[in-house]
Each structure stands twice: as C-alpha cells, then as structure tokens.
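Visitor: Before we begin, could you take me through this model and set each term against its definition as we go?

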Amino acid sequence: MPSIDPQPLPPRGDRVRVYVTREVAFDLQKMTRVTQSILTKVGCGGCHSGRFLEFQMIEDYVINPKTLEPQEVVGAQL
Amino acid sequence: MRELGVGLVYWSDLAPLFEDVELVGVLELEPQTLWEKVVGPHGLCYRGNDALLQRVAQLPQAKLLHGVAQPVGGSADDPLEYIALWKRAVEVLDPAWVSEHLSFNRVRRGAHIEEAGFLLPPRQSPAGVANAVRNIERLSQALERPLAFETGVNYLQRRADELDDGTFFGAVAERAHCGILLDLHNLWCNERNGRQRVSEVLARLPLDQVWEIHLAGGMELDGFWLDAHSGLVPPEVVDLAAGIIPLLPNLGALIFEILPEHLPRIGVDAVHRQLDVLHALWRLRSSRRVVARDARAPQGLESCGLGNAEQHDDVEAWETALGEALRGRTVRDARFADLRDDPGVAVLHQLIGDARRSSLARVLRYTTTLLLIHLGPNEVRALLDAYFREQAPDPFTALEADYFARFLRSRAELVEHLPYLAETLAFEDALVRATVYGTATDLAWSTDPTALFAELENGRAPVGLPSVHSAMRVCAE
C-alpha cells in the first residue's frame, strides 16, 4: 500500500495502527473511535462473582430487520 | 497491620471519586486489569501496561493490590509467568499488603491446564488447607509482602465431606500465618444461598488476622443471591460490618467494590453516600486490643484427620470433578458425582457462559450484533454453546475473541452467507490479532465501515448501504 494515512490508536498507540488508502471515502475520525473502543477492551476483566451483562445488553438492543420493531427483551434479569 | 482507612476498588470511570482523598483514602487495584495476554518470543505471556500503572501510582491514596487471576486455593498454578508483573506492581504502588482469592480458576486436564473461566470454590478439606497454605507462603515470599486471602463466595450446596466454611478459612489463616480479607458480602451470599451462617463463620476465624474488609452489593438469579458488585451494600451486610468491626484489632482497610458498568444506574452521588456509610463503620473500630486468637479456628480440622493433609490428589480430584460438571461432562470420580445435581453448578454454568458471551460481545461487538440480527438470539446462543463445548474459556477477552473468530471462520457457510459478516469479523479479529500476535492483516471493505458500524450501533440490520470499496491494513508496531 504505497499511499497510506496512519491512524494511531491510543492508549495502545504503540501497539496497533490502522492504515487506509488516501482516497478513502469514509470518516477517519469515526473509524479511529471504533478501533480505539475495541482496543481498550482486549485485556482481563475485573473480579466479581455475578453476571456479566454486555452480551445481554446487545441482545436486548437488536432490532428485527424485517419489521424494524425491537425484539422481545431477553436476559435483562436485574 | 497498618491502618489505611476507607477505600474503593480502582476503575478509571470512578476517577472523580479518587480526587477526594478525605472520602477515598485507599485505592485498591486489581493488577491484572492492566495486563494483556500476548504472544512473545517464547509463546503466550502477560504484558503489563506500565504507563497506566504509573498513572495510578500518582494518585494520592494509599495503595493495595488485590489479585483476580492467580488465586491461592487451587492445585494448578498459572502456567504463564506472572510473578514479575506482580512484583512490578508491588514496586510501583508499595502496598502494605497484597491479597488474592482463596479459590481456583484452572483445571488440570491430562498434560494441559485449562482455564475454568471463573473463580471457583476450592476443596474444603485438610488437603485443601495444606494446599492453600503452600500457595500463600509461596506467593507471599515471591512478592516479599504480607498476603491476605479473600473469603470467597460459594454457590454450591454444603457437602458432608467438606470442612465448614469458617473452619476452612480459619485453618488456612492459622496455618499460613497470613491475613484475612473478610468479604462480608460473599459470606452473606453464602448464608442466603444455604451455606453456613455468617455468625458461625466469624466465630471460627482468628479475628486478629483480619486486615481488610470488602463490602459490595449484588443481585438475584434463579433464587441465588450473586456477588455481582452491582449496587449498594445491603443494609443487612452493613449491620454485619457494624457488629464485627469493633472486634477486629488489626483492621487496616475497609473497601467498597462496585463495577463501573453499574455506575450510570446508581450514580456517583450514591457511591459518595455509600462511602460516607463506610466512614461511619470505620469509626466503630475499637481502640483497645482485642484478644481474638483462641482455640476455635481449628475446630473440625482435627476430626477430619490432619494425616490427610498431604493428599494432594483430593484437591486435584475435586477441581477435575467440578470442571467436568461445569463443562457438562461426566463426573468420573464417584466421590463427587453428586455435583451434577447441585443447583449451584447450574448457576456457575450460567455465570461462566455470561462471562464468555460478554467477553465476545465486548471485543467482537459488531460481529456479535450482526449474528444476533441475522440469526436471532436463540440460534446465536446455540452457536455460542457449540463453541463453548469445543473451546475452554480464557479470561483475557482478546484470546477468547480470537478463538471464537477461528471457530466462526471454520463455519464458512455461515460467514459467507450473512451480509457483511466476513468483513466485520475480519476487521475485529485483525485488531485482536495485531494486539495478541503482532500480526498484520490486509482487509477489503465493500462498503463504508463507519456507516456499517453506525447501523449496528443502533441495533439495525445494515440494509442498502452504498457500495464503497476500500483497502485497510491493521498492523502491530
């Protein structure tokens, strides 16, 4: 890829970079935020002996593509 | 033990609270939350984030270290070297003592050691005591710091072939000459879920060895009360703390545990008020020395026969059996075959599944969302269950995500037929692989990835997105 724009990714900017071609048509700042968001979550989670809720939160948020209506809420047992 | 005061487990989301040193006098760090698991010259290894560690060190509070990944209750040690990173954290933060869980989280399977995916209750037997004492002495010596073990939560039913909770904790503390991190919410969970009463547990502890108390809130699941760190401390647990604190002559810290994801629901002000309650509890400390060491701690241990204390296979057999029960395999050891009928096993199975699904949702967020949109929750859960049966868990989310990405790629019919799944998975896994393995990946997009992710952020199927072809390289530096 001869023509690239580096996208540093703090806080692990020393580790991972994403390069795209110069003529790319999408919003680079948005892309950087997406990659930052993922890269800050790759470590070890904290300690507790209860439920981890991230999956349920996504599950609850997904909308049926055929009807565009929210799916039945599943898993929110707080 | 040095008196440090009232404190809070550190999360960057709670940073505003750490600005007030009168409110939060102690910062407790779970060191492994600053670690990654990556591939180095000799295979997998841990890598610490020294910059973040230094940033934590700059905060004005006294520091404590509380381990969450190398518990002292098991027979299978972490196969990866971890002492150097622990020692680095000790060197930078200079804690008066360190703590770890009296649990196990790894199971030996043939020549391999598998992660269990959760902190699990240890074998409460004379052999279990001896095993824990060895681990505590070894870790404390390696770190050159006094070590306290945490009294753990246990969702299993009481067993006739085990020491009661208080006797087990007391015997470990007495024999290891270590500290006790008295987690009152854990003990209260245990009592609510059918195990020993908190008062009976406390009666069997050498109270002068309690250096630290943890207080937390929880939630209910299928009739069980969970130690979820999801809310404020229940009034009953506050009452327990008020009753025991005056009897603890060497109490050094009183720590509130809450996970940052619950903060928006609870609010920073409520956490502030909770810490005020902890300060009121802290003032209940007795100024006089209490003679708390008495002959109560070893009760029951002698009756089980100290001669059994070296039966290492008793501990390993328990860990293997519980591991088998939790993975849905046949429990081969007849002594523990009844584990399959223990309702606590079903709860642990659910919690481990939740943790694994959440790890994947955290790192492979867009892949997970796409799967849910296209397949629906039931089919996705079935897919994840198939993956869980095939692959042991890993507490480091990047590794778990990479293993699942491999699993998905092996199902080409799925990846190739669901719109945008192949490129979304390739992108998220490329970030993971750059982090873990240091590998570079070239990607091709057929649409604007930010438009694709915006649709997924809204929980919507990406339909009618413009065709925009671009190339991307994700690489490690």
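Guide: Chain A has two helices and two strands, and along the sequence they follow the pattern β-β-α-α. This is a predicted model, in which local features need pLDDT of at least 70 and side-chain atom pairs count only at pLDDT 80 or more, while totals for chains, interfaces and linings use all residues. Residues are numbered from 1 along each chain as its sequence is written, and chains are lettered from A and ligands numbered from 1 in the order in which they are written.

Visitor: What makes a run of residues a helix or a strand in chain A?

Guide: Both are DSSP runs, numbered from the N terminus: a helix is H or I over at least four residues, and a strand is E over at least two. By that rule chain A has two helices and two strands.

Visitor: Why are α13(B) and α14(B) called oblique to each other?

Guide: Helix α13 (residues 365-375) and helix α14 (residues 377-390) of chain B pack at about 125 degrees, with axes 7 Å apart. The axes are lines fitted to C-alpha atoms over the stretch in contact, and angles run from 0 to 180 degrees between N-to-C directions. Angles under 35 degrees are roughly parallel, over 145 roughly antiparallel, 65 to 115 roughly perpendicular and the rest oblique; α13(B) and α14(B) are therefore oblique.

Visitor: Which residues make that contact?

Guide: With contact meaning C-beta atoms, placed from the backbone, within 7 Å, α13(B) brings B:L371, B:L372 and B:L375, and α14(B) brings B:P377, B:E379 and B:V380.

Visitor: What makes the largest nonpolar core a core, and where does it lie?

Guide: A nonpolar core is a set of buried Ala, Val, Leu, Ile, Met, Phe, Trp, Tyr and Cys residues joined through C-beta atoms within 7 Å. The largest has 155 residues, and B:V26 is among those with the most contacts inside it. Helix α17 (residues 421-436) of chain B gives the most to this core, nine residues. Domain 1 (5-282) and domain 2 (364-474) of chain B, with bounds from an automatic or database domain assignment, both give residues to this core, so it lies between them.

Conventions: Two residues are in contact if their C-beta atoms, placed from the backbone, lie within 7 Å. A residue is buried if 20 or more other C-beta atoms lie within 10 Å of its own, exposed if 12 or fewer, and partly exposed in between; C-beta atoms are placed from the backbone.
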